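Colleague: Let's go through this one piece by piece. I'll ask, and you show me how you get to each answer.

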Amino acid sequence: MKKFFESLPVHDYTTKLSVSIVYAILASVAMNFFYQPGNIYSSGITGLAQILTTLSTQVVGFKVPVSITLYALNIPLFFVAWRKIGKKFTIFTFLTVTLTSIFMQIVPQTSLSNDPIICAIFGGAVMGSGIGFALKNGLSSGGLDIFSITIRKKTGRSVGSISMYFNGLIIFVAGYLFGWQYMFYSALSIFVSGKVTDAVYTKQKKMQVMIITKNPDAVIDGIQQKMRRGITIIHEAEGAYRHDKQTLLLTVVTRFELPALESAMKESDPSAFVSISDNVKILGRFYEEDL
């Protein structure tokens with residue numbers, strides 16, 4: 001029994017729980033400090049939950065809290081995540097959505113500004129930070145993140161840009177039902193949220209690395225000890241100045257792995273020449289960790 005508990009990835013689970021709490025706080029702050037006071041509609045399922053909450057007074061005679069609507073809309077999506085993405089991912093997504101709904105209910109609604117543009121920008125930035133931080137640590141905020149991750153695995157497109165396509169309908173409905181000015185403010189917020197998500201979620205950004213070295217074996221071993229990446233070897237590369245023979249190594253890493261690459265190069269061959277091209281597009285197989 002002792003060996004069983006020692007084998008459990010307690011540190012990983014603790015980290016994910018901490019990330020869930022951080023996201024829940026950020027999402028609650030964005031909702032109750034900026035979105036609700038500024039009548040700004042968020043992206044994805046959260047925005048749909050806001051629309052349904054706004055309509056609930058007319059339909060059922062009383063206002064259903066956003067936290068309850070959001071939780072109810074996410075329930076069927078858990079089944080999609082369980083089948084398409086992964087069981088552990090789904091369990092922690094369920095935990096994250098639950099915590100988010102609880103925090104949205106207990107965090108008081110506070111108006112920090114009456115300017116809808118300020119609410120849109122800062123609300124989008126806070127929400128985007130939370131979404132990107134969660135995805136970076138292998139979690140999801142639920143909702144359209146599940147579809148975005150599934151599509152990204154097949155197409156390689158960024159999560160933020162995928163979400164923008166889905167969110168066009170949300171902002172149009174918000175504008176049609178509650179006033180076109182809210183459509184423009186909500187569009188601004190969703191744009192900011194998508195850009196901040198892409199800035200924080202660095203695992204989706206691929207970088208091509210070209211290494212010129214005299215110690216290829218040491219460099220290859222150093223890189224592959226720190227990350228799972230294929231490397232192409234080109235022998236007999238020749239320097240134009242001294243005409244010395246070197247080896248050219250080509251690989252692709254994510255921006256998230258860049259610190260590990262730098263560490264591997266310092267340990268294996270500090271004098272190697274390394275060139276990095278940012279945001280390259282990949283066709284073919286590229287290993288990505290399961291969520």
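Colleague: Does Ser 28 count as buried or exposed?

Modeller: Heads-up: this is a predicted model, so local features need pLDDT of at least 70 and side-chain atom pairs count only at pLDDT 80 or more, while totals for chains, interfaces and linings use all residues. Residues are numbered from 1 along each chain as its sequence is written, and side-chain values use heavy atoms, with hydrogens and water left out. Buried means under 20% relative accessible area, exposed means over 50%, and partly exposed is in between (1.4 Å probe, protein chains only). Ser 28 has 0% relative accessibility, so it counts as buried.

Colleague: Which residues does Ser 28 touch, not counting residues up to four places away in sequence?

Modeller: Ser 28 sits in helix 2; helices (H or I, at least four residues) and strands (E, at least two) are DSSP runs, numbered from the N terminus. Touching here is a contact, with heavy atoms within 4.5 Å. Leaving out residues up to four places away in sequence, Ser 28 touches Phe 33, Thr 100, Phe 103, Met 104 and Val 107.

Colleague: Zooming out, what share of the 291 residues in the protein chain do buried residues make up?

Modeller: The protein chain has 11 helices and four strands. Of its contacts between residues at least 6 apart in sequence, 75% join residues at least 24 apart. As for the 291 residues, the buried share is 45%.

Colleague: Which residues have the most contacts inside the largest nonpolar core?

Modeller: A nonpolar core is a set of buried Ala, Val, Leu, Ile, Met, Phe, Trp, Tyr and Cys residues joined through side-chain atoms within 4.5 Å. In soluble globular proteins, nonpolar side chains tend to be buried together. The largest core here has 29 residues, and the ones with the most contacts inside it are Tyr 23, Tyr 35, Met 104 and Met 127.

Colleague: Which helix gives the most to the lining of the second largest cavity?

Modeller: The lining is made of Tyr 23, Thr 46, Leu 70, Val 97, Thr 100, Met 104 and Ser 141. With three residues, the biggest giver is helix 5.

Colleague: How many bridges join strand 1 (residues 206-213) to strand 3?

Modeller: Two strands pair if DSSP finds at least two bridges between them. Strand 1 and strand 3 run antiparallel, and Ile 212 has Leu 248 as its bridge partner in strand 3. The number of bridges joining these two strands is eight.

Colleague: Which residue in strand 4 stands opposite Met 210?

Modeller: Strand 1 also runs antiparallel to strand 4 (residues 273-277), joined by five bridges. Opposite Met 210 stands Ser 275.

Colleague: Which residue in the turn between strand 2 and strand 3 has a positive phi?

Modeller: Strand 2 (residues 232-238) and strand 3 pair in the antiparallel sense over five bridges, and Ile 233 has Leu 249 as its partner in strand 3. The two strands form a hairpin with six residues between them. In that turn, the residue with a positive phi of about 60° is His 243.

Colleague: Is Gln 246 buried or exposed?

Modeller: Gln 246 is in strand 3 (residues 245-254). Its contacts include Ile 212, Lys 214 and His 235. The relative accessible area of Gln 246 is 18%, so this residue is buried.

Colleague: How far apart in space are Gln 224 and Leu 261, C-alpha to C-alpha?

Modeller: Gln 224 lies in helix 10 (residues 216-226) and is partly exposed, with a relative accessible area of 43%. Along the sequence, Gln 224 and Leu 261 are 37 residues apart. In space, C-alpha to C-alpha, the distance is 9.5 Å.

Terms used. On a 1 Å grid over the protein atoms alone, a cavity is a set of points where a 1.4 Å probe fits but cannot get out, and a pocket is an open set with protein on both sides within 12 Å along at least five of seven lines; lining residues have an atom within 4 Å of a point.
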